[in-house]
Amino acid sequence: MSLLYALDIIGTFVFAISGIRLAAKKKMDLFGAMVIGFVTAVGGGTTRDVLLGSYPVSWVQDVNLPLTIALAVPFTFIFRKYIVNLKRTFFMFDTIGIALFTISGMQKALSTGIHPALAIVMGMVSAVMGGVIRDILCNEIPLIFRKEIYATACLAGGLVFSLLDYYTDLTENVIYLITTVVIIAIRVVSIKYDLSMPKMKDAPMDGAD
Amino acid sequence: MSLLYALDIIGTFVFAISGIRLAAKKKMDLFGAMVIGFVTAVGGGTTRDVLLGSYPVSWVQDVNLPLTIALAVPFTFIFRKYIVNLKRTFFMFDTIGIALFTISGMQKALSTGIHPALAIVMGMVSAVMGGVIRDILCNEIPLIFRKEIYATACLAGGLVFSLLDYYTDLTENVIYLITTVVIIAIRVVSIKYDLSMPKMKDAPMDGAD
Amino acid sequence: MSLLYALDIIGTFVFAISGIRLAAKKKMDLFGAMVIGFVTAVGGGTTRDVLLGSYPVSWVQDVNLPLTIALAVPFTFIFRKYIVNLKRTFFMFDTIGIALFTISGMQKALSTGIHPALAIVMGMVSAVMGGVIRDILCNEIPLIFRKEIYATACLAGGLVFSLLDYYTDLTENVIYLITTVVIIAIRVVSIKYDLSMPKMKDAPMDGAD
């Protein structure tokens, strides 16, 4: 089992837990929690695959992904007390998760021969759409549109990936590593210093219909 | 016209009515009601087809499906007084509807050669996603995540279907019948005794972010 | 650059602005505004392409579309004061936009050989789904289901397109022109006289579950 695949499984597991936790807050039943965990974990990759017309979509090819998600439900239930305290650990896993999903999403997109700028978009879609679908199903405005640097870190990482891939002779693994470090660094720095993208509310557009 | 096809049309009609009724409650106009009816009826099958990459999607192949849905609008409007009183009848049609959609969804999924466990998921997606999209468009947390045994009945039926298909020599029609009976029985019993899946709220996760 | 393509770019630009304005009202950050602008502009065509299984989807083929949308963000920010006052101008652009998207959507659908009635639906989907996705992401009941003649104008235009295409020998450009005029006329007249589709609320269905 390659390192990339192992990280993919870990990312899936952590993303599933974030969905299950929101479902629990919304007082959904166990089934609802499992479904929300599922779409959080696979929603990004599935959206990318559907947009690219790349069939079958990822989780249909690899039964380990659904299995990993199914395991996340009892895990979250049993360790619920600790998960709350492990916020920092989960932040780190989540950040590694979006880094990895950005990279694997870009690779899959590039392999279909699309424009590199669109591959960066697809990498970001892979990383963040799961969370967007999770929030829509739970009837919330997607968190990603409201809080901190998140998708922007994916876009920046995707840009670095593209430039290194195009202009240097670095091996794939080194490019992966640098991209991951860039995404994690942007996330950590933006959280530490409470950075966020400027809000559009600064514009006096209240009269807009 | 086969029995399976007739049931498919009835299921489509009943699902469309459930969408139109919610649209009416939300004070949408006639067009909105028609669209909500439409997505409720075809949303599950369409999601399954898009996930499987099985083109063209079902309602594009069979113009009878859109026609059935179009007829559901005046039907609901004319018989609105009776439909409210026919709750029990509609519950039965709806339950037959999800049973049938589970079966036809599984069959279509299996025909693409995916893992049987995923075919069960696809059967459930076919049966319930229409209602999920209906609720999202009406800005509600999907009912399926909040109330009673519903999707779980589809999963249980799908499991029975799989086991019978794999381990027995029963004909297709007999397997369909048993699966339908299982799904209906689970629904009826769970409603009668007010059974539901355990809620995740039992977990003290309020501190979760 | 053909007239049709120029109008397509203008439609994309105007639709993106409508998304960015709603995002601003919802106090999203710049990234959120860009994403909402993006999905508003390409959501309709993408939904059509995914439903038809027509890959790659439109904006993956033509990098000018994402570029146009990216430009709409600073444009909206810089000219925010004027955009509010330009309501009438934007109404006109928006109406031309849905007319064009209806036509190009129908054409793409017809080219896959589907039933003309479904092609009309696909034309309407192309024109309105971007706005529907915009409203879902912003956690609102889609405007289209609540207000004025909008999607109905697209359906009427699609019907005119179909009839002219089938029963007359008019050239494509003439059919485009007539369809556009029909859609604009329906929109303008319905706004001027405050026409709307009858609401379903007229039905005493409050007892519906």
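This is a predicted model: local features need pLDDT of at least 70, side-chain atom pairs count only at pLDDT 80 or more; totals for chains, interfaces and linings use all residues.

**Terms and the values behind them**

Trainee: Why is C:Leu30 called partly exposed?

Mentor: The relative accessible area of C:Leu30 is 26%. Buried means under 20%, exposed means over 50%, and partly exposed lies in between, with a 1.4 Å probe and protein chains only. C:Leu30 is therefore partly exposed.

Trainee: How many helices and strands does chain A have?

Mentor: Chain A has 9 helices and 0 strands. Helices (H or I, at least four residues) and strands (E, at least two) are DSSP runs, numbered from the N terminus. The order in chain A is α-α-α-α-α-α-α-α-α. The radius of gyration of chain A is 17 Å, close to the 17 Å of the globule rule for 209 residues, so chain A is as compact as a globular protein of that length. That radius is taken over C-alpha atoms, and the rule is 2.2 Å times the number of residues to the power 0.38.

Trainee: What makes A:Gly44 buried?

Mentor: A:Gly44 has a relative accessible area of 2%, and therefore counts as buried. A:Gly44 is found in helix α2 (residues 30-52) of chain A. Leaving out residues up to four places away in sequence, A:Gly44 touches A:Val125, A:Ser126, A:Met129 and A:Gly130; contact means heavy atoms within 4.5 Å. Of the 209 residues of chain A, 53% count as buried.

Trainee: Is B:Val160 buried or partly exposed?

Mentor: With a relative accessible area of 23%, B:Val160 is partly exposed. B:Val160 belongs to helix α8 (residues 151-167) of chain B and touches B:Ile178 and B:Val182, not counting residues up to four places away in sequence.

Trainee: What is noted about the phi of B:Lys27 and of C:Lys27?

Mentor: Phi of B:Lys27 is near 60°, a positive value in a residue other than glycine. For C:Lys27, phi is likewise positive, at about 60°. B:Lys27 lies in the loop between α1 (3-25) and α2 (30-52) of chain B, and C:Lys27 in the loop between α1 (3-25) and α2 (30-52) of chain C. The relative accessibility of B:Lys27 is 45%, so B:Lys27 is partly exposed; C:Lys27, at 45%, is partly exposed as well.

Trainee: Which residues touch the most other members of the largest nonpolar core?

Mentor: They are A:Trp59, B:Trp59 and C:Trp59, in a core of 184 residues. A nonpolar core is a set of buried Ala, Val, Leu, Ile, Met, Phe, Trp, Tyr and Cys residues joined through side-chain atoms within 4.5 Å. Beyond its neighbours within four places in sequence, C:Trp59 has contacts that include A:Leu51, A:Leu118, A:Val121 and A:Met122, as well as C:Phe38 and C:Val42.

Key
Residues are numbered from 1 along each chain as its sequence is written. Chains are lettered from A and ligands numbered from 1 in the order in which they are written. Side-chain values use heavy atoms; hydrogens and water are left out.
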